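Take a look at the structure first, and then read on.

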Amino acid sequence: MHPSVQVNNYKLYLENNHSVFYESDPVSLSACAYLHNYMKTPDDPLLAPQFIDYVSQCPIFYAEDFSQISRFLEKRLNAGDGMKVLDRVRESKQAPSRRFLTNVSKVIKEHKNYTLLDEQLVAYDKVITTVKSGLNDKQKSTVIIKGGPGTGKSVIAINLLADLSAQGYNVHYATGSKAFTATLRKTVGNAVAQQFKYFNSYMRAGPNEIDVLVADESHRIRMNSNDRFTPRSKRSSIPQIDELLQAAKLPVFFIDDRQNVRPGEVGSSQLIREAALQKGYKIHEYQLDIQFRCQGSDLFVQWVNNTLGISKTVEKIWDSSNSSFKFQIVDSPHELYRVIAEKNRLEPNSARMVAGFCWKWSNPNPDGTLAKDVVIEDFAMTWEGKEGTTALAPDVPPASLWPFDPRAVDQIGSIYTIQGFEFDYVGVIFGKDLMYSFDNYAWEGHPENSADSTVKREKNPETFLKLVKNTYRVLLSRALKGCYVYFADKDTEKFFRTRMSN
């Protein structure tokens, strides 16, 4: 029995994410249709001779038949209440077909960037085993996989989506990042993009609606799924973590407890653990320690954590002779740009410039070009292309595709677009929202120098300081081969230099 909604005298059956049936009242079957989300091929079993009578009553529309299906729907669903119908369709239960899930796996496995290594395989096997042994247990389970920058959390998550889909499980991959989700959708293509969701996609999900939910970047879980666009009548009072836990038979969370960068982001392993225990779930936890970023060494990330006062580690001094990873302080933003531009010239699309959120982010100009908001003396560059206002110029990619699009190499990215991504080389402008004081021998947060309206409103100075420390930790740890930094505050630069052997 397929879920259905009534549309005037038509009944809409939703079999899965890519199959839609329209059935009229009992008098006639002429309004039936089947939407097939694949390109038409001669060997499609639906086109076999024995189905001719059915197809004549229920026409088939393929992925390339966009205009035909549009005319079909317009003719039969033009009696009004369109938005109500759309809402009811969106809220109906859906599940992908086995053929679609197989295609999801095939597309992902074609990308060599998603190869598992060493410790990643152990965590991957832990989830696979839990799925096979306990997916239908009376007592639900959840898996929490913790790891710092470069431990391969997203690589494991992507492989779980691919391999479990190939086995016929309905798996969603969700994040709280628009840039991360949009880039993944762009990478895998429209054919499988619908399996990539946002954390706020489960406000109206039923219990155990999907088999496995892979929640990547779980530190970006928010207090609830409401936003400024959510109508009052549809606002939820349920914590977002509870929505995620109940939506899947097995929720799997990938998290770095030191990547919260906004006050509304409450995701932590403790939050997930407490919410799961409250629901009576079995909890499986795993810690990833080996770094695959920064030329295979975690020394640089440990040094960043120590230098920023985030955690005490044995790496107090950075000795470049002990690592092939390159870290260099430059004297001007002009020099920083030259280094990154040269890296992109030698290896196209391999490097990005990023900055602390210390400059306003303007709407595009009327012609769609960008204002040069990041100004330091005679240096000026644009942020990423802000979306949702003026249409962007043809050579300006939207911010959500900044990490992926080669046209973005001459734009500066923020914490909100680079979080979750990695590049061979990263150039960081370290702003004045976080400065080291030699008078107090301590890090100090300066909200007056921040342009992030949400973070600078934080009333607790310690919370603001924690958020901006986490921000620069993320910015400094995005590179695989080399990180280059310009410091707007010279005392902060001096402090970093005191922590370097050369």
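Strand S9 (residues 210-215) and strand S10 (residues 248-255) pair in the parallel sense, over five bridges. Strands pair when DSSP finds at least two bridges between them, and both helices (H or I, at least four residues) and strands (E, at least two) are DSSP runs, numbered from the N terminus. Within this pairing, Val-212 has Leu-250 of S10 as its bridge partner.

Helix H8 (residues 240-247) packs on the sheet, where it touches strand S6 (141-147), S9 and S10, and its direction makes about 130° with that of S10. Such angles run from 0 to 180 degrees between N-to-C directions, with axes fitted to C-alpha atoms, for helices over the stretch in contact; contact means heavy atoms within 4.5 Å.

The open sheet has six strands in the order S8-S7-S9-S10-S6-S11, with parallel pairing. Its edge strands, S8 (196-198) and S11 (282-288), each pair on one side only. On average, neighbouring strands of this sheet are turned by 20° against each other, direction ignored.

A note on the source: this is a predicted model, in which local features need pLDDT of at least 70 and side-chain atom pairs count only at pLDDT 80 or more, while totals for chains, interfaces and linings use all residues. Residues are numbered from 1 along each chain as its sequence is written, and side-chain values use heavy atoms, leaving out hydrogens and water. The protein chain averages a pLDDT (the predictor's confidence in each residue, from 0 to 100) of 83, and 80% of the residues score at least 70.

Now to the nonpolar cores, which are sets of buried Ala, Val, Leu, Ile, Met, Phe, Trp, Tyr and Cys residues joined through side-chain atoms within 4.5 Å. Buried means under 20% relative accessible area, exposed over 50%, and partly exposed in between (1.4 Å probe, protein chains only). The largest core has 92 residues, and Phe-327, Ile-429, Phe-430 and Phe-496 have the most contacts inside it. Helix H14 (residues 461-476) gives this core its largest share, eight residues. A second, separate core of 20 residues includes Ala-205 and Ile-272.
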